[in-house]
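Work through the exercises below with the model open. Try each task before reading its solution.

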Amino acid sequence: MEIVVKGRNTEIADRFRTHVQEKLAKIEQLAPRAQRVEVELTHEKNPRQADQAERIEITVRDKGPVIRAEAKASDRYGALDVAAGKLLERLRRSRDRRKDHHRYSPPAPAEALVAVPEQAPDEAPERPVPPTELGQSVEAQLGDSPVIVRQKLHEATPMTVDQALYEMELVGHPFYLFIDDETGQPCVVYHRHGWTYGVIRLNTVVAGQAESTNHVTSARLAEAGAAR
């Protein structure tokens, strides 16, 4: 298992890299198929955010869903401790779910996002340009404002609402964008309150999914007719 540590707006000392290796050693026990672990440390230079100056994001990539955890603290060691604790708990939940032999197998890429159309040549240069490579992150300032927009391109793998909720919990996000494998519609699942969730659907079908959805619908109608 490869552990990659990188920094944004900061340098990574060898001592901290060694500490990360030791802290994340249990990942192999909980996720033996894990191929790569990415650890990104971001330093916030704003002195008014000194209590959250160090942000750690840990991402585990294997043949199943992507599992991610993040935390902020005044020092990087404290942030690593909190993020590692969250990550290991999510890995345990993922392992227990696999043991339950759920009715479906989790699709490979998680965090499935619908690809954004490429920017038209005549658009204003100050508008953020969408990334073109999977996993690529692009940051750009929005015009003359202080707003920074970060974009990332993900694989869009169709899945059920149940699977989307599961993967949302694994990455620790309050919402999750995906394509419904039954309808072909772009959807978002999100936390409401307690154990209540919501689903927002767009009244359109992603290109390439319409034909697949029609085949599924026809097959189900045929099964229903044969059962009568």
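**Exercise 1.** Which are the buried residues of α4? Then find what covers them.

*Solution.* The model is predicted.
- Step 1: locate helix α4 at residues 161–171.
- Step 2: apply the cut-off, since buried means under 20% relative accessible area.
- Step 3: list the residues that pass: Q163, A164, L165, Y166, E167, M168, L170 and V171. That is 8 of the 11 residues in α4, so the helix is mostly covered by the cut-off for burial.
- Step 4: look for the cover. It includes the strand β4 (67–73) and the helix α3 (76–99), along with β7, β8 and β9.
- Step 5: step past the end of the helix. Just after α4, G172 has a positive phi of about 70 degrees.

**Exercise 2.** Work out the strand order of the open sheet of 3 strands, and name its edge strands.

*Solution.* 
- Step 1: trace the order, β7-β8-β9, with antiparallel pairing.
- Step 2: find the strands that pair on one side only. These edge strands are β7 (175–179) and β9 (196–201).
- Step 3: take the twist, which averages 25 degrees from one strand to the next.
- Step 4: examine β7 against β8 (residues 186–193). They pair in the antiparallel sense over 5 bridges.
- Step 5: pick out one residue pair. L177 has V188 in β8 as its bridge partner.

**Exercise 3.** Is N9 buried or exposed? Place N9 in the chain and check its phi.

*Solution.* 
- Step 1: read its relative accessibility, 53%, so N9 counts as exposed.
- Step 2: check the backbone. Phi of N9 is near 65 degrees, a positive value in a residue other than glycine.
- Step 3: Most residues other than glycine have a negative phi.

Terms used:
Residues numbered from 1 in each chain as written. Predicted model: local features only at pLDDT ≥ 70, side-chain atom pairs only at ≥ 80, totals over all residues. Heavy atoms only, no water. Pairing = 2+ DSSP bridges. Helix = DSSP H or I, 4+ residues; strand = E, 2+ residues; numbered from the N terminus. Axes fitted to C-alpha atoms, helices over the stretch in contact; angles between N-to-C directions. Buried < 20%, exposed > 50% of the residue type's maximum accessible area, 1.4 Å probe, protein only. Contact = heavy atoms within 4.5 Å.
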